[in-house]
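Please read the report below alongside the sequence and the 3D structure. It covers the ligand surroundings, the domains, some backbone details and the confidence of the model.

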Amino acid sequence: MASLKIGFIGAGNMAQALAKGFISSGLAQPQHLVAACPPADRHLLQQMESLGCATTHENREAAATSDVVVMCVKPVIMGRVLHDLRPCVTSTRPLVTSVALGVTLATMEAALPPRARVVRIMPNTPALVQLGASVFSRGNHATQADAELTHRMLTAVGQCDEVPESFLDAVTGLSGAGPAYMYLVVEALADGGVRMGLPRGLAQRLAAQTMMGAAKMVLSTGKHPGQLKDEVCSPGGCTIQGVQVLEDAGLRSALISAVHTAAAASVTMGKVPLPSPPLPPPGPPPLSATPPVAPVFTATATTPLSQPQHAAAQR
Ligand SMILES: NC(=O)C1=CN([C@@H]2O[C@H](COP(=O)(O)OP(=O)(O)OC[C@H]3O[C@@H](n4cnc5c(N)ncnc54)[C@H](O)[C@@H]3O)[C@@H](O)[C@H]2O)C=CC1
Ligand SMILES: O=C(O)[C@@H]1CCC=N1
């Protein structure tokens with residue numbers, strides 16, 4: 001595994017979280033990672049270089065030199081970027097994985113050459129500290145070995161389950177987006193501590209450790225969260241009074257709605273149009289057997305395919 005070559009198409013938040021997690025877990029050596037993105041985002045490649053990774057502005061170069069490609073670009077440009085990778089993808093190499101929200105295995109397979117091996121992943125940014133929560137689904141031509149490799153990559157940076165693809169949008173709304181919800185809670189709890197006179201740094205550490213401890217209690221004890229909550233709420237004590245405030249404010253309903261809304265957005269944002277394959281020139285087929293030379297694709301920022309999706313992708 002230490003010689004596994006991984007190519008990141010896109011070098012933003014998710015690519016960097018995975019790259020740092022893969023390196024610090026020992027899954028991959030930095031010199032075996034390569035990241036590609038347009039010149040306009042050169043600063044992101046410089047951040048990848050500071051980890052020891054190779055970088056390029058040529059998506060095809062990253063794909064051609066990798067055993068596994070991880071597509072880390074916005075869904076709105078996925079169809080076009082995958083289509084541009086076609087000359088570098090065969091049924092044997094590389095395995096093409098994607099973390100793009102909403103983009104289905106069928107869309108990926110349609111954009112790539114026949115029998116391309118694809119895997120759809122939904123990770124989250126705590127992969128950076130090897131506490132990621134990931135799921136994946138494999139495409140029609142991905143093998144058992146591909147699934148095992150994906151599982152090994154993702155368990156190196158946290159927990160991972162293979163699931164039916166129909167779960168992916170719900171997972172996106174829950175654990176893909178979930179760290180953002182949790183950061184709001186940590187920040188607000190710290191604000192509460194500050195409101196009561198605690199220094200900010202102490203309040204924030206107490207809030208974050210409390211969240212991590214509570215999460216670990218759920219995972220380690222196997223007890224229902226409601227039971228664990230009851231064990232904190234001493235009869236007639238102060239916690240049940242705080243819980244009542246949260247119930248009155250609709251905390252549970254707000255979180256359920258947040259997952260529902262984000263999952264629905266994943267479905268909508270994943271509907272990406274595919275570029276049509278170029279039509280053969282009219283007239284009889286050429287007598288020469290020389291294959292057409294594919295234009296070299298440079299990872300320049302791709303024109304968005306439709307304005308509303310682009311606007312959503314920028315948020
Ligand atoms: N940020 C997160 O917590 C998570 C993100 N994701 C998914 O990861 C993907 C990327 O999201 P982020 O990293 O947050 O976005 P980001 O905006 O931080 O990174 C996007 C990257 O795409 C690159 N890019 C743009 N056009 C390109 C092109 N034509 N060729 C190659 N690269 C190009 C940009 O330079 C940038 O490096 C999205 O599809 C998102 O759904 C999935 C799970 C969690
Ligand atoms: O918000 C986003 O677009 C990505 C998908 C899941 C988390 N972040």
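## Ligand surroundings

Residues are numbered from 1 along each chain as its sequence is written, and chains are lettered from A and ligands numbered from 1 in the order in which they are written.

Ligand 1 has 30 residues around it, and the closest are Gly10, Gly12, Cys37, Asp41 and Ala100. Its shell divides into 20 nonpolar, eight polar and two charged residues. Helix α1 (residues 13-24) gives the most to the shell around ligand 1, namely three residues. Helices (H or I, at least four residues) and strands (E, at least two) are DSSP runs, numbered from the N terminus.

UniProt, in an unreviewed entry, places the feature "binding site" at Asn59. UniProt positions are given in the numbering used here, feature names are shortened, and annotations may be inferred rather than shown by experiment. Asn59 is in helix α3 (residues 59-64). It counts as buried because 27 C-beta neighbours lie inside 10 Å; the cut-off for buried is 20 or more other C-beta atoms within 10 Å of the residue's own, for exposed 12 or fewer, and for partly exposed in between, with C-beta atoms placed from the backbone.

Five residues from domain 1 and four residues from domain 2 make up the contact, two residues being in contact if their C-beta atoms, placed from the backbone, lie within 7 Å. On the side of domain 1 that touches domain 2, the residues are two nonpolar, three polar and no charged.

The unreviewed UniProt entry lists residues 165-267 as "domain: Pyrroline-5-carboxylate reductase dimerisation". In the model, this span is 83% helix and 0% strand, and its end C-alpha atoms lie 12 Å apart.

Why is helix α7 (residues 168-176) described as largely enclosed by the rest of the structure? Nine of the nine residues of α7 are buried, so the description applies.

Most residues other than glycine have a negative phi, and most peptide bonds are trans.

| Residue | Phi | C-beta atoms within 10 Å |
|---|---|---|
| Arg115 | near 70° | 13 other C-beta atoms, partly exposed |
| Gln130 | near 60° | 17 other C-beta atoms, partly exposed |

Arg115 lies in the loop between α5 (105-111) and β6 (118-122), and Gln130 in the loop between β6 and β7 (132-138). A cis peptide bond joins Arg93 and Pro94, with omega about -10°. Pro94 is in the loop between α4 (78-85) and β5 (95-98).

Glu109 lies in helix α5 and counts as buried, because it has 20 C-beta neighbours inside 10 Å. Not counting residues up to four places away in sequence, Glu109 touches Ala116, Val118, Gly139 and Asn140. The C-alpha atoms of Glu109 and Val96 are separated by 9.7 Å, with the two residues 13 apart along the chain.

## Confidence

The model scores ipTM 0.99 and pTM 0.89. The protein chain averages a pLDDT of 90, and 87% of the residues score at least 70; pLDDT is the predictor's confidence in each residue, from 0 to 100. Over residues 288-298 the pLDDT stays under 50, and the model has nine contacts for them beyond four places in sequence. Residues 300-315 also have a pLDDT below 50, with 21 contacts in the model beyond near neighbours in sequence. Where pLDDT is low, the predicted coordinates should not be read in detail.

Methods:
This is a predicted model: local features need pLDDT of at least 70, side-chain atom pairs count only at pLDDT 80 or more; totals for chains, interfaces and linings use all residues. A residue is near a molecule or strand if its C-beta atom, placed from the backbone, lies within 6 Å of it. Ala, Val, Leu, Ile, Met, Phe, Trp, Tyr, Cys and Pro count as nonpolar, Asp, Glu, Lys and Arg as charged, and the others, Gly among them, as polar.
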